[in-house]
Structure formats: structure tokens, C-alpha cells
Amino acid sequence: MGRREELLRAEAEGWEELIAVLDATAPELLERPGVNAEGWAVRDVMWHLAFWCSDAARALGEMGHGSFARDREPDGPAQVDVVNDRELERSRGMEPDQVRSELHRGRSAMLQRFGALEVLTADADEWFEESGPLHYAEHLPELEAWIRAHPR
């Protein structure tokens with residue numbers, strides 16, 4: 001199995017786990033804060049993942065067209081935190097169903113752009129893995145703990 005297939009398999013497995021947890025979340029809990037130390041709600045985690053999948057799709061598309069510039073990307077945790085805060089605020093007016101749709105849309109775009117790449121570069125590998133399977137795995141434990149603490 002090549003690296004691309006390995007990444008796609010990891011993404012699919014992580015996505016399946018993520019969706020199972022989101023589907024197990026009672027609707028009344030989607031907007032209740034407290035999932036993580038930052039006080040996010042489930043909908044905020046969904047938006048966070050949706051945004052980064054969409055941004056990975058953007059970056060992967062640029063890579064495919066030869067216009068990707070690493071120096072335009074967030075550099076380091078402080079810059080990533082600024083982007084996260086901005087995006088969290090931007091999503092505040094969205095309903096949970098809209099956020100969930102954006103999560104599915106962002107993932108689909110990321111998968112499409114990743115699959116369209118002729119060559120899997122180190123940048124493409126990193127963007128896809130960090131925005132997909134590693135990112136899902138980062139947030140799954142807090143979501144699972146939240147669900148266990150608030151059973152239906």
C-alpha cells in the first residue's frame with residue numbers, strides 16, 4: 001500500500017469514528033459549551049474541523065495548480081490560534097445543521113483535491129494528514145468524553 005492509500009484509509013477510519021460520535025450527540029447538547037478547555041460546544045468543534053478541511057482543500061488545490069506558497073500559511077501555534085479564534089467567531093451565527101453540512105462539504109472538497117493531485121508532495125501529505133486523520137484524532141477524545149458525561 002502506498003502513502004496516498006495509507007492516508008486515505010486513515011482519513012476514512014477517522015471520519016467514521018467522528019461521525020459516529022457526532023451522530024450520538026443529543027441535539028440539545030450541540031450548542032452547550034464545555035467540550036474542551038476553551039469552552040467550545042460540539043458545533044464549535046464541528047466548525048473547527050470543517051474550516052480546516054476546507055482550508056486543506058484550498059491548499060491542496062493550489063498545490064495542484066502550482067500556486068501554493070508556504071509563506072502565506074499560518075506559521076506556528078500563535079498564528080493558528082488567531083485563525084481558530086477568527087473562524088470560531090465567524091461561525092457563531094450558524095445553526096448546527098449548517099455547520100454539519102459545512103463539515104461534510106469541507107471534507108468532500110479536501111478528498112477531491114487530494115485525489116486529483118498527480119504527485120503526493122511532502123506539503124500535500126502534511127496538509128491532508130494534519131487537517132484530516134490527525135485532526136479528527138485530536139478532537140475525538142474530548143468529544144467522546146463529552147458524550148459519556150452527557151448521555152441521552
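These legends go with a handful of close-up views of a predicted model.

**View 1. The largest nonpolar core, with Leu 18 and Leu 60 in it.** Let's start with the core. It counts 42 residues, and Leu 18 and Leu 60 have the most contacts inside it. Six helices each supply at least two of its residues: α1 (3-23), α2, α3 (77-91), α4, α5 (122-131) and α6. Which helix gives the largest share? That's α2, with 14 residues. As a general point, nonpolar side chains in soluble globular proteins tend to be buried together.

**View 2. Leu 60 and the residues it touches.**

**View 3. Helix α2 beside helix α4.** Two packed helices can be described by the angle and the distance between their axes. For α2 (residues 42-65) and α4 (residues 96-116), the axes come within 8 Å and cross at roughly 25°. An angle under 35 degrees counts as roughly parallel, so α2 is roughly parallel to α4. Their crossing is left-handed. The contact residues divide into 14 nonpolar, 3 polar and 6 charged. On the α2 side, look for Met 46, Trp 47, Leu 49, Cys 53 and Leu 60, among others. The α4 side includes Val 99, Leu 103, Arg 107, Met 110 and Phe 114.

**View 4. Helix α4 meets helix α5.** How do the axes of this pair cross? They come within 11 Å of each other, at an angle of roughly 155°. Angles over 145 degrees count as roughly antiparallel, and that is why α4 and α5 are described that way. This crossing is left-handed. In the contact, Met 110, Leu 111 and Phe 114 of α4 meet Ala 124, Phe 128 and Ser 131 of α5. Sorted by type, the contact residues are 5 nonpolar, 1 polar and no charged.

**View 5. Trp 15 and its contacts.** Trp 15 is found in helix α1. Is it buried or exposed? Its relative accessibility is 8%, and buried means under 20%, so Trp 15 counts as buried. Leaving out residues up to four places away in sequence, Trp 15 touches Leu 103, His 104, Arg 107 and Tyr 136. Have a look at Ala 137 too: 122 residues separate it from Trp 15 in sequence, while the two C-alpha atoms are 9.2 Å apart in space.

**View 6. Arg 107, a buried residue of helix α4.** Arg 107 lies in α4, and its relative accessibility is 16%. With the cut-off for buried at under 20%, Arg 107 therefore counts as buried. What does it touch, apart from neighbours within four places in sequence? Arg 107 is in contact with Glu 11, Ala 12 and Trp 15, plus Cys 53 and Tyr 136.

**View 7. His 135 in helix α6.** To finish, here's His 135, found in α6 (residues 133-149). His 135 has a relative accessible area of 8%, so this residue is buried. Not counting residues up to four places away in sequence, it touches His 48, Leu 49 and Trp 52, along with Glu 129 and Glu 130.

Definitions and conventions
Residues are numbered from 1 along each chain as its sequence is written. This is a predicted model: local features need pLDDT of at least 70, side-chain atom pairs count only at pLDDT 80 or more; totals for chains, interfaces and linings use all residues. Side-chain values use heavy atoms; hydrogens and water are left out. Helices (H or I, at least four residues) and strands (E, at least two) are DSSP runs, numbered from the N terminus. Buried means under 20% relative accessible area, exposed over 50%, partly exposed in between (1.4 Å probe, protein chains only). Contact means heavy atoms within 4.5 Å. Axes are lines fitted to C-alpha atoms, for helices over the stretch in contact, and angles run from 0 to 180 degrees between N-to-C directions. Angles under 35 degrees count as roughly parallel, over 145 as roughly antiparallel, 65 to 115 as roughly perpendicular and the rest as oblique. A crossing is left-handed if the near helix is turned anticlockwise from the far one by less than a right angle, and right-handed if clockwise. Ala, Val, Leu, Ile, Met, Phe, Trp, Tyr, Cys and Pro count as nonpolar, Asp, Glu, Lys and Arg as charged, and the others, Gly among them, as polar. A nonpolar core is a set of buried Ala, Val, Leu, Ile, Met, Phe, Trp, Tyr and Cys residues joined through side-chain atoms within 4.5 Å.
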